[in-house]
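Colleague: Please take me through this model, one step at a time.

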Amino acid sequence: MNQEDYVPEHAHDTAAAEDAEATRRHAGDAESSRASRGWWDRNADEYQSEHGAFLGDDRFVWGPEGLDEADAALLGPASSLAGKDVLEIGAGAAQCSRWLAAQGARPVALDLSHRQLQHALRIDGGAVPLVEADAGRLPFRDGSFDLACSAYGAVPFVADPVNVMREVHRVLRPGGRWVFSVTHPIRWAFPDEPGPEGLSVSASYFDRTPYVEQDEQGRAVYVEHHRTLGDRVRDVVAGGFRLVDLVEPEWPAWNAQEWGGWSPLRGRLIPGTAVFVCERDDAARGGA
Ligand SMILES: C[S@@+](CC[C@H](N)C(=O)[O-])C[C@H]1O[C@@H](n2cnc3c(N)ncnc32)[C@H](O)[C@@H]1O
């Protein structure tokens with residue numbers, strides 16, 4: 001794959017990518033994490049001003065298709081959420097957590113980016129508890145939460161997703177549910193363009209080499225990691241979870257909005273989001 005083939009949606013509309021060189025190369029956990037923090041701190045304002053209206057201040061949307069947790073109930077029926085301790089990972093401005101709180105749940109919104117969390121404060125003045133931390137090192141005791149969720153937060157950006165799965169497993173109570181969405185792995189094989197040029201395969205789906213934007217010194221300023229669908233299933237299982245469902249939201253007729261490479265044209269033909277619904281597999285890990 002050459003560097004033009006897969007260009008994440010942010011590259012089309014943010015200042016941060018202006019001077020960065022796009023390439024494909026190895027990027028480890030520490031470098032990926034450092035790049036993500038810097039990138040999201042620099043770009044949180046633009047992200048929220050561009051996508052905030054679609055996300056809604058207190059809606060729970062799983063991705064650009066607009067699949068809404070109020071309809072999908074992937075965390076369980078809304079009526080079952082009251083009183084549940086929920087960890088949202090890569091929460092951004094904590095829109096999903098605010099919806100969870102409105103159902104009577106007790107959410108904690110975690111994100112690596114200080115600036116993203118400042119947007120959460122701007123929206124609700126601190127009503128939802130916020131934690132600034134890396135998904136790979138969750139600052140919570142074992143068994144602190146009933147549920148964990150992440151809408152495009154953290155998982156696509158980390159070099160070691162199994163470590164994140166294990167951390168989520170650790171902080172969940174036995175039987176706890178973990179639901180996360182990522183870019184559908186098939187998108188890696190196509191140019192990330194909303195128009196017809198985004199419909200022709202241009203690269204190997206099997207090439208896991210990370211997409212990296214780097215500065216003049218060769219330091220990564222943005223990193224995105226690719227896993228095949230099978231890799232993601234194996235990551236979930238290696239982390240101690242059972243995969244309960246894999247949801248591939250179809251593009252709904254009401255949604256005319258493009259979001260980077262996600263568009264009605266492509267959404268009608270190829271999946272853009274994969275939502276993994278998992279449960280702590282206590283039998284497989286001897287109740288650990
Ligand atoms: C695409 S945004 C999604 C934010 C929010 N869930 C939404 O739907 O708007 C990805 C978020 O993941 C956060 N993130 C990236 N890497 C992370 C990591 N290693 N640990 C925690 N958060 C991370 C970013 O700071 C960013 O806020």
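Modeller: First, some terms. An axis is a line fitted to C-alpha atoms, for helices over the stretch in contact, and angles run from 0 to 180 degrees between N-to-C directions. Helices (H or I, at least four residues) and strands (E, at least two) are DSSP runs, numbered from the N terminus. This is a predicted model: local features need pLDDT of at least 70, side-chain atom pairs count only at pLDDT 80 or more, and totals for chains, interfaces and linings use all residues. Residues are numbered from 1 along each chain as its sequence is written.

Colleague: At roughly what angle do the axes of helix 1 and helix 4 cross?

Modeller: Two packed helices are described by an angle and a distance between their axes. Here the axes of helix 1 and helix 4 (residues 114-124) come within 7 Å. Their crossing angle is roughly 35 degrees.

Colleague: Which residues of helix 4 make the contact?

Modeller: Contact means C-beta atoms, placed from the backbone, within 7 Å. Helix 1 brings Trp40, Asp41, Ala44 and Gln48. Helix 4 answers with His114, Arg115, Gln116 and His119.

Colleague: Is Ser200 buried or exposed?

Modeller: Ser200 sits in the loop between strand 6 (172-183) and strand 7 (211-214). Buried needs 20 or more other C-beta atoms, placed from the backbone, within 10 Å of the residue's own; exposed means 12 or fewer; partly exposed lies in between. Ser200 has 10 such neighbours, so it counts as exposed.

Colleague: How many residues of strand 10 are buried?

Modeller: Strand 10 covers residues 273-280, eight in total. The strand is mostly covered. The buried count is six.

Colleague: How many bridges join strand 6 to strand 10?

Modeller: Strands pair if DSSP finds at least two bridges between them. Strand 9 (residues 241-247) pairs with strand 10 in the antiparallel sense over six bridges. Val277 in strand 10 stands opposite Asp245, and also opposite Val179. Strand 6 and strand 10 run antiparallel too, and their bridges number seven.

Terms used. Contact = placed C-beta atoms within 7 Å.
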